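Dear colleague,

Please find below the structure I am handing over to you. My notes on it follow.

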Amino acid sequence: MQTVLFHSTVFGPIHSRRLGVSLGINLLPDDGKICSFDCIYCEAGFNAQGPGTTGFPSMQRLQADLRAKLSEMKEAGSDLDVITFSGNGEPTLHSQFPQAVDIVIAVRDEFYPEAKISVLTNSTQIDRPEIAVALRKADNAILKLDSAVTSTMRLIDRPNSPDFTSERVIGYLENFGEKAIVQTMLLRGECDGHTVDNTTPEEVDALIDAVSRIKPREVMLYTIDRPTPLKTLSKVSVDDLERVARKLCDKGFNVATAG
């Protein structure tokens, strides 16, 4: 089984297709995975690998590790475009996520004030007021919407909650409006005997309708770039990415693609 990729609270920097030179923040265990989704494409593997033994990192560890890393990078003259909350699962599940955002902003301001703060979130916690407030403090609140059709979303993202629907999360995303960056993974394949394809005309029309309601600052369309735990998936072509992007652009939305 494919397992977690990040074995520390602060990792990288890496070059992100979407964000540039990115230093990662992992608020989850460094030897397991905790997530409210169990996405069939997740590069960190399935939730079945377990939560590990190290638990959630403390705020003291986060602050110390980030300060040490940024000090080292500054001393070396390294570039940094963004500090990104991602890691081994869903970062907003940490009980002190709002405090973590404040800490990262403060340490960022000390060493790399020009760097942006990004949060990659699966949108499952954004109905919680304290999470929404914290996400709005980030420069880039990157909010997942893999399908505006609930049956497809549940097939791709496999949310833990049986009550989680695309309709509900679109309503939450509307509250973010121009603060939101909507992120959609486009892919094809097969899962448990079902065809997976969120690039069909019906899917694209539903996504356009959802984005028209949300009115985000940007839409990020991307596809598989790393090994996935489910081996029956395939990336979509650059041409197909651009086809979907053009449809959104024609509606006046700012769209970025990463093939």
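**Findings**

At 0% relative accessibility, Ser123 counts as buried, a term that means under 20% relative accessible area, with exposed over 50% and partly exposed in between (1.4 Å probe, protein chains only). Please note that this is a predicted model, in which local features need pLDDT of at least 70 and side-chain atom pairs count only at pLDDT 80 or more, whereas totals for chains, interfaces and linings use all residues. Residues are numbered from 1 along each chain as its sequence is written, and side-chain values use heavy atoms, with hydrogens and water left out.

**Backbone features**

Ser123 is placed in the loop between strand 4 (116-121) and helix 3 (129-137). Helices (H or I, at least four residues) and strands (E, at least two) are DSSP runs, numbered from the N terminus. The phi of Ser123 is near 75°, a positive value in a residue other than glycine. Arg158 also has a positive phi, near 45°. Arg158 follows helix 4 and belongs to the loop between helix 4 and helix 5. With a relative accessible area of 27%, Arg158 is partly exposed. A further backbone feature is the peptide bond from Gly12 to Pro13, which is cis, with omega near 10°; Pro13 lies in strand 1 (residues 10-16). As background, most residues other than glycine have a negative phi, and most peptide bonds are trans.

**Helices 4, 5 and 6**

Helix 4 is mostly covered, since six of its eight residues are buried. The buried residues are Thr150, Thr152, Met153, Leu155, Ile156 and Asp157. They pack against strand 5 (140-144), helix 5, strand 6 (180-191), strand 7 (194-197) and helix 6.

The axes of helix 5 (residues 166-174) and helix 6 (residues 201-214) come within 8 Å and cross at roughly 30°. That makes helix 5 roughly parallel to helix 6. Here, axes are lines fitted to C-alpha atoms, for helices over the stretch in contact, and angles run from 0 to 180 degrees between N-to-C directions. Angles under 35 degrees count as roughly parallel, over 145 as roughly antiparallel, 65 to 115 as roughly perpendicular and the rest as oblique. On the helix 5 side, Ile170, Gly171, Leu173 and Glu174 meet Ala210, Arg213 and Ile214 of helix 6, where contact means heavy atoms within 4.5 Å. By class, this contact of helix 5 with helix 6 has four nonpolar, one polar and two charged residues; Ala, Val, Leu, Ile, Met, Phe, Trp, Tyr, Cys and Pro count as nonpolar, Asp, Glu, Lys and Arg as charged, and the others, Gly among them, as polar.

**Aromatic rings**

Three aromatic pairs are found in a search of the whole structure. Rings of Phe, Tyr and Trp (its six-membered ring) pair if their centres lie within 6.5 Å; planes under 30 degrees apart count as stacked, over 60 as edge-to-face and the rest as tilted. One of the pairs is Phe37 with Phe164, edge-to-face at 5.5 Å centre to centre and 75° between the planes. This pair links distant parts of the chain, 127 residues apart: Phe37 is in the loop between strand 2 (20-25) and helix 1 (59-76), and Phe164 in the loop between helix 4 (150-157) and helix 5. Both Phe37 and Phe164 are buried.

Phe85 and Phe97 form another edge-to-face pair, with 5.7 Å centre to centre and 70° between the planes. Phe85 lies in strand 3 and Phe97 in helix 2, so the pair ties together parts that are 12 residues apart in sequence. Phe85 is buried at 0% relative accessibility, and Phe97 is likewise buried at 0%.

Two charges sit over rings. Lys74 lies over the face of Tyr112, at 4.6 Å from the ring centre, and the charged end of Arg136 sits over the ring of Phe176, 4.4 Å from its centre. The criterion is that NZ of Lys or CZ of Arg is within 6 Å of the ring centre and within 35 degrees of the ring normal.

**Two buried residues**

Ser86, in the loop between strand 3 (82-85) and helix 2 (97-111), is buried with a relative accessible area of 15%. Not counting residues up to four places away in sequence, Ser86 touches Phe11, Ile25, Asn26, Leu28, Pro91 and Leu120.

Arg108 lies in helix 2 and is buried, with a relative accessible area of 9%.

With kind regards
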